[in-house]
Amino acid sequence: MMQQTEMIEKAKRAIEALNPGGPFNIMEVCGSHTMAISKFGLRQLLPKNIRLISGPGCPVCVTAQNEIDSVIELANKNVVIATFGDLIRVPGNKSSLQAERAAGKEVKVFYSPLDALKYAEENPSKEVVFIGIGFETTVPTVAVTIKEAREKNIKNYSVYCLHKTMPEALRALLEGGSNVQGFLLPGHVSAITGSKIYEFLPKEFGVGGVISGFEAMDILMSIIMLLKNYKNPAIEIQYKRVVRKEGNLEAQKIIEEIFEPCDSTWRGLGEIKGSGLKIRDKYKDFDAALKFDIRPIGEEIEIKGCRCGDVLKGNIYPNECPLFGRVCTPENPAGPCMVSSEGSCAAFYKYGA
């Protein structure tokens with residue numbers, strides 16, 4: 001414990017020595033980083049001009065309301081909705097999967113898409129639709145289920161693909177004028193993609209990034225690396241025990257085989273070109289959007305007072321939202337950033353602002 005405290009103090013002194021003096025905003029774009037930063041109280045260790053702000057790093061949080069509405073429409077087509085637990089409580093424009101389940105719709109939570117595929121195989125009389133959300137981290141496993149379903153001729157399994165990819169969202173943030181001087185880049189995503197996908201950040205925008213691990217010292221070391229490269233921004237890997245520059249080539253291969261890029265709508269950010277994934281024609285029999293003729297419907301209706309969009313863009317801290325901790329709590333969430341276990345608002349509420 002003493003050694004850890006000494007290491008943190010040493011890192012703190014190094015950050016103070018490298019302090020550029022002016023505003024230095026560091027955006028994390030990973031829900032696990034969001035939780036770790038709040039859990040370890042890292043904001044309180046930094047000089048006031050060095051700010052840690054949250055971006056669109058929580059896949060549940062960035063799933064648009066009209067996408068939730070399309071999932072609810074699917075639930076009304078006599079299918080079994082298979083999903084991760086966090087998505088259940090995310091509000092659409094009019095309802096949520098939790099409310100639909102309470103009304104009698106068949107909505108089941110699975111920890112892995114492979115479990116959902118197994119359920120479909122064991123229940124051939126039921127149409128099972130897995131709701132594919134998440135960034136590059138979860139995509140390979142979903143891809144495996146589609147390939148396996150085809151090989152085993154499991155015709156009652158399909159995927160409604162709401163997956164999103166990280167690079168174009170970062171581009172959209174910077175093109176939209178976000179005041180970010182450096183990124184804490186996602187460790188889990190980068191274990192799949194490698195670091196090359198971020199090289200446009202310093203080249204096109206003069207903004208550096210560090211792929212960080214999730215312990216307190218990982219994040220502090222990543223901040224030090226960002227500060228050292230303040231004048232010469234670069235993309236670096238702090239999380240070298242997991243992430244390689246080339247990433248996981250096998251995972252990339254199966255993603256490429258099953259999916260292709262498409263435009264996607266992000267809650268708070270709007271439509272971003274090339275930031276989503278859709279199932280290739282070769283596997284179209286397992287595309288729930290085609291199978292059940294489902295698309296995101298309508299426009300997003302603003303939740304009165306909720307500022308999840310501004311939180312996801314790093315414009316405000318969660319406790320600056322007028323609903324935070326009053327109307328909006330984990331027990332009664334008004335927006336998705338309080339619903340998800342990796343949401344910024346949930347982190348601020350759990351660990352204190």
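**Basis.** I worked with a predicted model, in which local features need pLDDT of at least 70 and side-chain atom pairs count only at pLDDT 80 or more, while totals for chains, interfaces and linings use all residues. Residues are numbered from 1 along each chain as its sequence is written, and side-chain values use heavy atoms, with hydrogens and water left out.

**Strand 8.** I took helices (H or I, at least four residues) and strands (E, at least two) as DSSP runs, numbered from the N terminus. Strand 8 spans residues 208-211; I noted Gly-208 and Val-210 pointing one way and Gly-209 and Ile-211 the other way. All of them are buried, that is, under 20% relative accessible area with a 1.4 Å probe and protein chains only.

**Pairing.** I counted two strands as paired if DSSP finds at least two bridges between them. Strand 7 (residues 182-185) runs parallel to strand 8 over four bridges, and Phe-183 has Gly-209 as its bridge partner. Strand 9 (residues 235-237) is also paired with strand 8 in the parallel sense, over three bridges; here I found Glu-236 as the bridge partner of Val-210.

**Ile-303.** I located Ile-303 in the loop between helix 13 (288-291) and helix 14 (308-312). Leaving aside residues up to four places away in sequence, I listed Gln-65, Pro-91, Arg-267, Ala-334 and Gly-335 as touching Ile-303, where contact means heavy atoms within 4.5 Å. For Pro-91, 212 residues apart from Ile-303 along the chain, I noted a C-alpha separation of 9.5 Å.

How values were computed: Buried < 20%, exposed > 50% of the residue type's maximum accessible area, 1.4 Å probe, protein only.
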